[in-house]
Amino acid sequence: MSEEIEKNNIALPEPGSLVLSTSPHVQDGDSIARIMAKVLICLLPAVAASIWFFRFDAVRILVYCASFCIFAEYGWTLATRQAATIGDYSALVTGVILALNLPPGAPWWLCLIGSVFAIIVVKELFGGLGQNPFNPAAAARVALLVGFAGPMTQWAAPATGSLVSGATPLGAIHAVQGSADAMAQLGAPDNLMKLFLGNVGGSIGETSALAILIGGLGLMAFRLIKWQIPLAMIATIFVFTGIVHLAAPGLTPGPLYHILSGGVMIGAFFMATDMVTSPITPLGALVFGGVIGVLTCIIRIWGAYPEGVSFSIVIANALVPLIDRMCYIRPFGWHSHSVSALNIRRGEIK
Amino acid sequence: MDTNEILVLTVGAILVNNVVLSRILGICPFLGVSKRIETALGMSGAVIFVMTLASFVTALFNRFLVTQTFTINGTEVDLSFTRILLFIVVIAALVQIVEILLKKFSPSLYVSLGIYLPLITTNCAVLGAAELNADASRGLISSTVFGFSTGVGFGLALLLFASIRERLAIARIPKAMEGTAIALVTAGILAMAFMGFSGLVK
């Protein structure tokens, strides 16, 4: 027997070197740092597009947000005497996504407040990575939008550098609301192409649907996100705005315009899909994406804010525990009375 | 009153001017009974019930007593200064009557509402709804609709909040932030997100 093993080159370990431990025994080497590095790779197309369209402004904001986020996290771990967590790159990812959500004219202090809010208030106060109920970047964008509406809406046309107000595609909707012709003009093919490529005003990283789509497909290829979330979100927005556009052509442009403009793409692929703040089950992910889509459309079409993606993501984050509760996977042979019987036995229901 | 007015009142009270997240009323039960979803649902039901009834009754008092001018011994008396006083007494009395009636006619509902029913007496959101109705000089039906929607808005905020808090109970929150502190931070972030609904109704 032992000769046979030697012949096949299967070496059994020395009995003294065997380690007794509980499962799992095999680990493929995946870690938070490796996952975050993959997310960073998937963010590269969007980062490249932002630098291409907004040049130095984009570089400036990216560097500010990334470094402020890392400093905030390092400072927090230092102050609370914990092991430093900046090595897992999660602060860097938050910083880059936050930067992509800021307008090209964002001053340094806006980046600072946003970064500190995202890392300290939204993440660390709740116990750090994996404990936060809200997506840090989305909540920080909401906080900045509510608190500093002026600097957050100083838009610049790409690559020109001159700051103009209200030049975003979504701002254009509110400007021409009531005219069916103007809405049809917004939804014209060459205009849609501009939106798809990203040569329009907006936050530095959200303008190019193409670049974000490439990164988003990368996220799916790496199996880092649930495809149900972006699919449900984009499909809901498509159907909702399509129906509203058909019913009232003067109220809002066609569905493609809505999908390609504003923060829908970056929200759908990079913010809503956050592993920590999205539902666990596939069905829950579909519900979650649908909720974000509906809320986004309501805020965009009838609300005072031209864009509603970040608001919707934070509200849907708050709904996640309820969605998880309602969409858990039922084991084979499941009955509602079997659950209540279990609870009665545990003494939870009397 | 047409359907559009009802829609404006309901959406306004539930989402745009949510009684907890926008007007910051009724924070005591919001923090006190939001630790479990079941108790939050019980409290929401009780608040919707009482708020609808209280809005109707206070609107009656407002219409036929507070906004009227009476002549007593030849002097004209304006009773509007008694509004808050009257509303508090009316709401307290109403809650007591509801409690007695429930105890007599539906003991099971009475037991399931438990301590929350008497607690509503001191819930400032109920008084707030009544005061807002009086300020906007709404009619009887609009007042009742507003009271009901405000109650639903309270229930929505409480349910959302309770489900998050059940999750926070198992999170590794820093010692200094445990309990009410992190609950208030959560409520703040939630309130900011609800500001996205501003402008839905004029």
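Which residue of chain B forms a salt bridge with Arg325(A)?

## Salt bridges and polar contacts

In this predicted model, the partner of Arg325(A) is Glu38(B), and the closest N and O atoms of the salt bridge are 2.9 Å apart. Between chain A and chain B the count of salt bridges is two. Polar contacts between chain A and chain B amount to four residue pairs, both residues being at pLDDT 80 or more.

## Composition of the chain A side

Four helices of chain A each give two or more residues to the side that touches chain B: H4 (108-123), H5 (136-147), H14 (282-302) and H15 (309-326). The largest share, nine residues, comes from H15(A). By class, this side of chain A consists of 28 nonpolar, four polar and two charged residues.

## Extent of the interface

The contact involves 34 residues from chain A and 29 residues from chain B. About 2,600 Å² is buried between the two chains, with carbon and sulfur atoms giving 73% of this area. Of the area that chain A buries against chain B, 21% is supplied by Leu125(A), Phe126(A) and Gln131(A), more than by any other three residues.

## Surroundings of Thr236(A)

Thr236(A) is located in helix H11 of chain A, which spans residues 228-247. A polar atom of the Thr236(A) side chain lies 2.4 Å from the backbone oxygen of Ala232(A).

When residues up to four places away in sequence are not counted, Thr236(A) touches Gly289(A), Gly290(A), Gly293(A) and Val294(A).

Technical notes:
Residues numbered from 1 in each chain as written. Chains lettered and ligands numbered in written order. Predicted model: local features only at pLDDT ≥ 70, side-chain atom pairs only at ≥ 80, totals over all residues. Heavy atoms only, no water. Polar contact = N/O pair within 3.5 Å; in protein donor to acceptor, adjacent residues only side chain to side chain. Contact = heavy atoms within 4.5 Å. Buried area = accessible area lost by both parts, 1.4 Å probe. Salt bridge = Lys/Arg side-chain N within 4 Å of Asp/Glu carboxyl O. Nonpolar A, V, L, I, M, F, W, Y, C, P; charged D, E, K, R; others polar.
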